[in-house]
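These are my notebook entries on a single protein model. I recorded what I looked up, entry by entry.

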Amino acid sequence: MQTVKVSIDRTFAIGETDPRLFGAFVEHLGRCVYGGLYEPGHPTADAQGFRGDVLELVRELAPTIMRYPGGNFVSGYDWEDGVGPVDQRPRRLDLAWMSKETNAFGTNEFIDWCRAAGIEPMLAVNLGTRDGDAARRLVEYCNFPGDTELSDLRRAHGWPEPHGVKFWCLGNEMDGPWQMETKTAEEYGRKATEAAKMMKWVDPSIELAACGSSGRTMPTFGTWEDTVLEHTFDHVEFISLHTYLNDYAGDTEAFLASPDLMDSFIDEVVALVDAVAARRRSAKRIMLSFDEWNVWYRTRRRSEGRTKLGWPVAPEILEEIYNMKDALAFGGACISLLNHADRVRCACLAQLVNAIAPIMTETGGPAWRQTIFHPFAHFSKFGRGRVLRAEVASPTYSATYHDPRGTADLAFPLPEVPYVKLAAVHDDAGRTVTLFVLNRHLDQPMPIDIDIRGFGNLELKEALELRDDDLSAINTKEAPDRVRPGALAGVRAEGGRVLATLAPASWNVIRLATAG
Ligand code: AHR
């Protein structure tokens, strides 16, 4: 196999990563909250019912910001149900996931959990069944210091200090027919603008994300962004985008190529939002919040256990078991996000525990890492800094990726997929350059020759690889470490050159120490 040549220069940067690029997502969905991060009576639970074993894994995973409480759930959520004395909170039907919500865990508990985990909270407001008034009341409840009915209510509930939540989502996937009270772009744009105005009048320091398209395959993609921003442009800092990669077709090469469509999606959304700015002769740049991304297909459709009959509390739904192949596609998505650090200023892995999650738990039992845990932990721990522009000359392959839209199957031909996908991040303070490298070739090792200019002599600090001869290998309660990173052998750093051979179908992290 021909050697992959990579060229990187210290002076050519894409941008600085925002700490919020490494976020995740907690929704009232299945066992994400109940039996996931919150399980009073669990042997490791603290006085508030937060599972200590989950908190420990979350700290290792290192997400920086956490979106809550949905997702589809938020479009029918009355936030008032989740505050105040727990024994007086109502039990409700949740129409998003056809389950029963006890409301034992709500906004204040979430804030406390974030503080315990050292994570910034991000709240979404209900712009489905509720409106701007409910949203501005929630901002007042959370962020206003005191001496008003709502802020005093928070104090009476036991939280004397304001929560200071900075990042708010104006609803969730409002373009989707599966959403409670879906909107047209006009309807949503108007509603979001009015909500945004009032929320910022209560607390001018907050930042807002408008809903963009819930997927690149949505029939309204493009016109949705345009219309929504025509309304909200002056009131928001972010627009959202969501992607779930799939392997419905059982075509591994196409699946591993699919993160490249995230690159296209990001470029397209940037073009769309900048066109709105151009029409207004505005220098303002709307940033992207990729606030749901992951691999998800085994448990996505109703027939695949998306919901359970009988309105259960915290049902075992969306408990996708990730294999080695999923971890590779997932790593490709991490690289796509890093390589757009200039415009994607926030991103949330959907989700955190049990439901399409990097962390699994057994109720009353242990917690363990799924395969996708590892690339995310690398991405978050080593991906912070200046992302450098990398020219990658790699052999390519062609693939056709399939993405469903409702019952239709859309085909996306990808004629030239480079076998090697790469991102390079310079952490000046840590004196490190980290290379994230995915080898998508399924059966050939890939020699790689990386020329990194402007740092002088580079020394190898650490080299890791995630691979398994069996791409269907998974981690389970019984074998929680079947798939885990090991050392990548044979990496040589010579001056400003790095030489390595990447195993077939592997995720690799090469960390280099820069001279003083
Ligand atoms: O993350 C699971 C679901 O996917 C979310 O609730 C929704 O926003 C998206 O469709």
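I take helices (H or I, at least four residues) and strands (E, at least two) as DSSP runs, numbered from the N terminus. By that reading, Thr434 is in strand 18, residues 432–439. Residues are numbered from 1 along each chain as its sequence is written. The model is predicted, so I noted that local features need pLDDT of at least 70, that side-chain atom pairs count only at pLDDT 80 or more, and that totals for chains, interfaces and linings use all residues; side-chain values use heavy atoms, with hydrogens and water left out.

**Entry 1: the whole chain**

I counted ten helices and 24 strands in the protein chain. The C-alpha atoms fill a box of roughly 65 × 60 × 50 Å along the principal axes.

For burial I used relative accessible area: buried is under 20%, exposed is over 50%, and partly exposed is in between (1.4 Å probe, protein chains only). Buried residues make up 60% of the 516 residues. I also looked up contacts, meaning heavy atoms within 4.5 Å. Among contacts between residues at least 6 apart in sequence, 77% join residues at least 24 apart.

**Entry 2**

I counted two strands as paired if DSSP finds at least two bridges between them. In general, strands of a sheet pair through backbone hydrogen bonds, either parallel or antiparallel. Here an open sheet of ten strands has the order 21-20-24-18-17-14-1-19-23-22, with mixed pairing. Strand 21 (486–487) and strand 22 (492–494) stand at the edges; each has a single partner strand, so one side of each is left without a neighbour in the sheet.

Glu465 has Gly486 in strand 21 as its bridge partner.

I then followed helix 9 (residues 324–338), which lies across strand 14 (386–393), strand 17 (420–427), strand 18, strand 20 and strand 24 (506–513). Helix 9 runs at about 50° to strand 17, where axes are lines fitted to C-alpha atoms, for helices over the stretch in contact, and angles run from 0 to 180 degrees between N-to-C directions.

How many residues of strand 18 are buried? Eight of the eight are, so strand 18 is largely enclosed by the rest of the structure. Thr432, Thr434, Phe436 and Leu438 are buried on one side, and Val433, Leu435, Val437 and Asn439 are buried on the other.

Strand 18 pairs with strand 17 in the antiparallel sense over eight bridges, and Leu422 has Val437 as its bridge partner. Strand 18 also pairs antiparallel with strand 24 over eight bridges, with Val433 opposite Leu512.

Strand 17 and strand 18 form a hairpin with four residues between them. Arg431 in this turn has a positive phi of about 50°, and Arg431 is partly exposed at 46% relative accessible area.

**Entry 2: two threonines**

I looked up Thr434 in detail and found it buried at 2% relative accessibility. Its side chain makes a polar contact of 3.4 Å with that of Arg511; a polar contact is a pair of N or O atoms within 3.5 Å, where within protein one must be able to donate a hydrogen and the other to accept it, and residues adjacent in sequence count only if both atoms are side-chain atoms. Leaving out residues up to four places away in sequence, Thr434 touches Phe382, Ala423, Ala424, Val425, Val509, Ile510 and Arg511.

Thr193 is in helix 5 (residues 185–202) and is buried, at 7%. The side chain of Thr193 reaches the backbone oxygen of Gly189 at 2.6 Å. Beyond neighbours within four places in sequence, Thr193 contacts His231, Thr232 and His235.

**Entry 3: backbone geometry in loops**

I noted a cis peptide bond between Gly70 and Gly71, with omega about 15°. Gly71 lies in the loop between strand 3 (65–68) and strand 4 (92–94). The bond from Ala350 to Gln351 is also cis, with omega near 5°.

Gln351 is in the loop between strand 11 (344–350) and strand 12 (359–361), and Ile356 is found in the loop between strand 11 and strand 12. Ile356 has a positive phi of about 35° although it is not a glycine. Is Ile356 buried or exposed? I found Ile356 buried, with a relative accessible area of 1%.
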